[in-house]
Amino acid sequence: MTILQPVARSSCGCDGHDVVKKLITIDAALALIADRTAAVDGTENIPLDRAPGRILASPVTSRVMSPPFDNAAMDGFAFASAALPGDGPWILDVVARVPAGQSSTVPLVGLQAARIFTGAKVPEGADAVVMQEDVKRTGSTIRIDRRPTPGLNIRRAGSEMGAGGTVLDQGRRLDARAIAACAAAGAGSIQARRRLRVALLVTGDEIRAAGARRADAQIWDINTPMLSAALTQPHLDLVAVEQGLDSRDGLFLQLAEMAACADLVITTGGISVGEEDHVKPALLALGGDIYFSGVALKPGKPVSFGCVRGSTWLGLPGNPLSAFVTWQLFGTALVARLTGEAGQCARRHVVTSAAISRKAGRCELRPATCTGFDGHGREFVTVDAETHSAHVCALPDRDGLIFLPADCDFLPAGALVEFQPFCRT
């Protein structure tokens, strides 16, 4: 199947594919996450200098109009354009000097002008500002050769926002641009969602801390530092990070403790059907519910979602790339729901820079790099010839994930596919 048109909103084409009929689709899994979760209760008022990265719990409105007064858009001279008689040139007397932050007490009348600087309040009687390069000054007079239009180089009061207008809607994560808008609106503090409490449980007796001494059959732990980094965000509170005990009783106790202190419990590994996979049995023994277990995607098929003792649970696969991909796809969507964040990680269409061959069966997500635009102005991406669920060393050079449809075994160069950029969490 060659993809030459935008993919319809059953995005990856894996709905109804017989090979994966026992697994739910990616979009069905995302719909379940949306249906079974809501933003956590609790808000707090925090000063603007501590607000970066937090999620707005209520809209930000402007306390006053902005700008609060007519002000000069550049350095120059302010005067009344209507006072200029006939055709130029005109000679005007400079009777005042108005720096930013000060007001002129002298109203301008007739052929009078005020020296004014960028951001300064326009004096009473003036309706235009001519920049200093367009006048010739001699002592206390200036000469203007061309008649200006009223309002020239003046930022009008309220031209950016009116008093009481909504500047930011609730659900916005406050980055530098949003902080600028808050400051312009006079919001010295904001109402934010409380931080989401998250616990991370990484299973596997074979893992050891990165760089630590390990035996021949042991491997370094990638998931703990990788996911801890993803969860180190201003709107999240990482309350616990533990290595899971590879026994049902041990995991039962760890999950119980984490559910008692966290809104969201994330586990990695232990969710397949092997004899050493104890996470789901332990969760069910705690009275938990599993809303889905297994999604028709590659890599990351075992990914699971549910709840346990009032906490939401997300079970990620143990292989690091699978954990990263499913975190990007489902974890970030889940965190956005629980924190009330809006507008996270929208997909877009890109084209492939080279042909892709693969085995059909499940929707495949491959890390991709945006490398430019083709001759038609379409963004194109490059991907590796194949992916391995345990390989992560190429991730720093990747920009997001492309979706390869389930029933597709070949895409030519220039095929149109969906792309999801890596999210901030």
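**View 1. Helix α6 on a sheet of the predicted model.** Helix α6 lies across β13, β16, β17, β20 and β21, and runs at about 165° to β21; such angles run from 0 to 180 degrees between N-to-C directions, with axes being lines fitted to C-alpha atoms, for helices over the stretch in contact. Helices (H or I, at least four residues) and strands (E, at least two) are DSSP runs, numbered from the N terminus. The model is a predicted one, in which local features need pLDDT of at least 70 and side-chain atom pairs count only at pLDDT 80 or more, while totals for chains, interfaces and linings use all residues. Residues are numbered from 1 along each chain as its sequence is written, and side-chain values use heavy atoms, with hydrogens and water left out.

**View 2. The open sheet with the order β16-β13-β17-β21-β20-β18.** This sheet has 6 strands and mixed pairing, where two strands pair if DSSP finds at least two bridges between them. Its edge strands, β16 (236-243) and β18 (289-293), each pair on one side only, and the twist averages 20° from one strand to the next. Strand β13 (residues 196-202) pairs with β16 in the parallel sense over 7 bridges, and the bridge partner of L200 in β16 is V241. Helix α4 (residues 248-261) packs on the sheet and touches β13, β16, β17 (264-268), β20 (304-308) and β21 (311-316), and its direction makes about 165° with that of β13.

**View 3. The packing of helix α1 with helix α6.** The axes of α1 (residues 26-36) and α6 (residues 320-339) come within 10 Å and cross at roughly 20°; the two helices are therefore roughly parallel to each other, a term used for angles under 35 degrees. On the α1 side the contact (heavy atoms within 4.5 Å) is made by I26, A29, L30, I33 and A34, and on the α6 side by L329, F330, A333, L334 and R337. These residues divide into 9 nonpolar, no polar and 1 charged, where Ala, Val, Leu, Ile, Met, Phe, Trp, Tyr, Cys and Pro count as nonpolar, Asp, Glu, Lys and Arg as charged, and the others, Gly among them, as polar.

**View 4. The open sheet with the order β7-β4-β6-β5-β9-β8.** This sheet is formed by 6 strands, and its pairing is mixed. Strands β7 (128-131) and β8 (135-138) stand at the edges with a single partner strand each, so one side of each is left without a neighbour in the sheet. Neighbouring strands are turned by 35° against each other on average, direction ignored. Strand β4 (residues 76-79) pairs with strand β6 (residues 112-116) in the antiparallel sense over 4 bridges, and the bridge partner of G76 in β6 is I116.

Technical notes. Parallel < 35°, antiparallel > 145°, perpendicular 65-115°, else oblique.
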